[in-house]
Amino acid sequence: METWDAIRSRRDVRVFAERPIDDGDLDRILEAGRRSPSSRNTQPWDFVVVTDREQLAELATVWQGAGHVAGSAATVAVVAPAAEEATRATVFFDLGQAVFSMMVAAADLGIGSGHAVVADQELARRVLGLPEDRICAHLVPLGYPAERPLRPLSRPERRPFDEVVHRGRW
Ligand SMILES: Cc1cc2nc3c(=O)[nH]c(=O)nc-3n(C[C@H](O)[C@H](O)[C@H](O)COP(=O)(O)O)c2cc1C
């Protein structure tokens, strides 16, 4: 898929097919995250990949909006340092870039992705075996869409282009 098609095809997928993701494809998605830019190249991320069905089911309970993690073929837990307030915004900006790189790389392969935040950090830490100085910042469930495959969306649910884009001045 062309990059432009991958960008236009990506949408949040919450219902996944049973089909597993090939190891090579999963590694390519993770590599996209690893290659992401970050402030001062600090690379404040670690990725824990979960494919075990029972572990996924437990991970899906870290937040009421994380249920789709249970049915994913794999979920990438994006792990961050338990940062001080002063650096938190930068760290989370960096993590967002890594997440989106992985999502576009997944879409390029026809693999759907989703987001889920983490409310219960203690549960996430236990399921993922994280050390005390790390938090699970975000979950990225992955899998082939159960319903319609990824195709470029002609009318995404987004604010109109001319409302969002300001040229020269607001
Ligand atoms: C920071 C962030 C947190 C999100 N958290 C969740 C979540 O916990 N559960 C969920 O189902 N979707 C979550 N989403 C997905 C958004 O609802 C989704 O990106 C938005 O509705 C646009 O969807 P679309 O790209 O399919 O149009 C999150 C997205 C972002 C960027």
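By class, how many nonpolar, polar and charged residues does the shell around the ligand have? There are three nonpolar, four polar and five charged residues; here Ala, Val, Leu, Ile, Met, Phe, Trp, Tyr, Cys and Pro count as nonpolar, Asp, Glu, Lys and Arg as charged, and the others, Gly among them, as polar.

Before we go on, please keep in mind that this is a predicted model, in which local features need pLDDT of at least 70 and side-chain atom pairs count only at pLDDT 80 or more, while totals for chains, interfaces and linings use all residues. Residues are numbered from 1 along each chain as its sequence is written, and side-chain values use heavy atoms, with hydrogens and water left out.

Now to the names. Around the ligand (a heavy atom within 4 Å) you will find Arg10, Arg11, Asp12, Arg14, Trp63, Gly65, His68, His115, Ala116, Val117, His138 and Arg158. Some of them make polar contacts, pairs of N or O atoms within 3.5 Å. Arg10 places a polar side-chain atom 2.7 Å from a ligand oxygen, and a side-chain N or O atom of Trp63 is 2.8 Å from an oxygen atom of the ligand. Val117 takes part through a polar backbone atom, 3.1 Å from a ligand oxygen. On its own, the ligand has 640 Å² of accessible area (Shrake-Rupley method, 1.4 Å probe), and the protein covers 57% of that.

Finally, look at Ala74, which is in strand β2, residues 74-81 (a DSSP run of E, at least two residues). Leaving aside residues up to four places away in sequence, Ala74 touches Leu26, Val49, Val50, Thr51, Val140, Pro141 and Leu142, with contact meaning heavy atoms within 4.5 Å.

Technical notes
A polar contact is a pair of N or O atoms within 3.5 Å; within protein, one must be able to donate a hydrogen and the other to accept it, and residues adjacent in sequence count only if both atoms are side-chain atoms. Helices (H or I, at least four residues) and strands (E, at least two) are DSSP runs, numbered from the N terminus.
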